[in-house]
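Reader: I am new to this structure. Please pick a single part and take a close look at it, step by step.

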Amino acid sequence: MPTYLIYFIHRYLDFRHPELDAVLELNGIVDVSTCYELPETAPKNTTHSPFLIVNLASDAVAQQLAARCVLIKGIYQYITHTQASSEDSSASYADLRRKIASLPWDLRKNAMLDDESTWSLQVDCFGKRLSLQEQNTRRDEITEAVPLCGDIHLKQPARTYWLLEEKGILPSEVTLKRIFFAKSLNIIRFHGRDFVDKHQIKKRKFIGPTTMDHELSLIMANIAKVGPGTIACDPFVGTASVLVASAQFGAMCVGGDIEMQGLYRKENSTIAHNFEQYDLPCPDFIQWDLSQQAMCPRPFLDAIVCDPPYGLRAGARKCSANPKKKPFEVYEPSHVLTDLLHWAALRLVLQGRLVYVLACKTDPNNEYDDQIPRHPSLKVLHVCVQNITQKLVRLFITMVKVKEVASNDVSTAATLDVGW
Ligand SMILES: C[S@@+](CC[C@H](N)C(=O)[O-])C[C@H]1O[C@@H](n2cnc3c(N)ncnc32)[C@H](O)[C@@H]1O
């Protein structure tokens, strides 16, 4: 299988592999370990590498990954790389030149190193902004020894090569770690993250105080593996940011909320306008109280993606037992979660995914197992941690339905400590 180099955006590090794996699976790869080896955790006081070498069936698959993964900044045809072993970067460049010179004929041909068409060589460093002069020095390191054939063309070259240096973002990381030599994929002539910028919350027509960030919404939709032909549901829809993301990837959506002001709030600023803004079909919305186990309990949803209410900004409420006295009463956060899990277990198809957010106190050892509620039909697949403050984190939990619900199955509450 051809080899590619992924350059990740240096944000939401915990979400990288869950998102990549989900999109690989959407592209028909059953066992993602055939594509890449999970890198070891970065040693203390070093930055986790944004580079990953992967094996993929074709450029078309690479293009699909670049077009869908929010956290992929670039994907290149991998040519070779060198592990920098000393503080002397010229020694590392000498090693890289040796590696390029000794490439087997088929790899040289594949990388079009001897082609007569036009080319350019771009230079980038993760962890340091290089001046023009520094970029030129690095270009010279390569072009003097590797005679790239054809003419240089800066604006529209037929082949674009890349020298990608890796340092790190911590002040202590001043020496080079690796240098990659790679080539842009011919078929990727668009900027993969255009759709992400288009979704920016600040450009959204209808938002509220708990609107989920657009990047996280798109990542959640990816991890939930939504796509054309799938049905996605957000039972706490709010301003529908998670469903907008799911619809962007082609899912048929349905949403519900105890509060329906989003449907008729004010002219030109409703949930429906958020979908219209991106030319996406507007889903059906239903006013419901999740505690009442809304919607028929049959497995028909492929994905449930949501940000449940916990009380900090959007209080959880449920219909009261005595509506004449008071229509709503407090809905305990731990009950919201146990209800959500049972509700999801009944309505997800087998292998369907539940992706949801849970806010809790920061654990100094990064151990959150005992914070996560369980259900016999749902297996925990990923727990991605987002640090909010020193004291608070948000866990993005992915569960997959592994068996149908038995009549005596119930959710088990966790020792949830939401920290307020
Ligand atoms: C954190 S907000 C969701 C925000 C949403 N993801 C967005 O981007 O706007 C939680 C939502 O749950 C709703 N909610 C609270 N209690 C509920 C209940 N019992 N059943 C259904 N929805 C409920 C609230 O009205 C609120 O809109």
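Author: Start with a term: a pocket is an open set of points on a 1 Å grid over the protein atoms alone, with protein on both sides within 12 Å along at least five of seven lines. A cavity is a set where a 1.4 Å probe fits but cannot get out, and lining residues have an atom within 4 Å of a point. Points join across faces, edges and corners; volume is the space filled by probe spheres set on them. The model is predicted: local features need pLDDT of at least 70, side-chain atom pairs need 80 or more, and totals for chains, interfaces and linings use all residues. Residues count from 1 along each chain as its sequence is written, and side-chain values use heavy atoms, without hydrogens or water.

The part to watch is helix α1, residues 16–26. Helices (H or I, at least four residues) and strands (E, at least two) are DSSP runs, numbered from the N terminus.

Y12 sits in the loop that links β1 (3–8) to α1. Its phi is positive, about 45°, yet Y12 is not a glycine. A240 is another non-glycine with a positive phi, here about 70°. Its loop is the one between β7 (231–234) and α8 (241–248).

Now look at the second largest pocket. It holds about 790 Å³ of space. The lining takes 26 residues, and those closest to the centre are L13, D14, T41, H48 and N366. Helix α1 gives at least two residues to this lining, and so does β14 (378–387). The largest share belongs to β14, with five residues. Sorted by class, the lining has 13 nonpolar, nine polar and four charged residues. Nonpolar here covers Ala, Val, Leu, Ile, Met, Phe, Trp, Tyr, Cys and Pro; charged covers Asp, Glu, Lys and Arg; the others, Gly among them, are polar.

The largest cavity has a volume of about 40 Å³. Around it stand F8, R16, H17, P39, H48, S49, F51 and L52. Two elements give two or more residues to this lining: α1 and β2 (51–55). The lining comprises four nonpolar residues, three polar ones and one charged.

Two packed helices are described by the angle between their axes and the distance between the axes. Axes are lines fitted to C-alpha atoms over the stretch in contact, with angles from 0 to 180 degrees between N-to-C directions. The partner is helix α7, residues 214–223. The axes of α1 and α7 come within 8 Å and cross at roughly 50°. On the α1 side, P18, E19, A22 and V23 make the contact (heavy atoms within 4.5 Å). On the α7 side, I219, N222 and I223 meet them. This contact has five nonpolar residues, one polar and one charged.

Helix α3 (residues 89–101) packs on helix α5 (residues 132–143) at about 40°, with the axes 9 Å apart. S90, Y93, L96, R97 and I100 of α3 touch R138, E141 and I142 of α5. That contact is made of four nonpolar residues, one polar and three charged.
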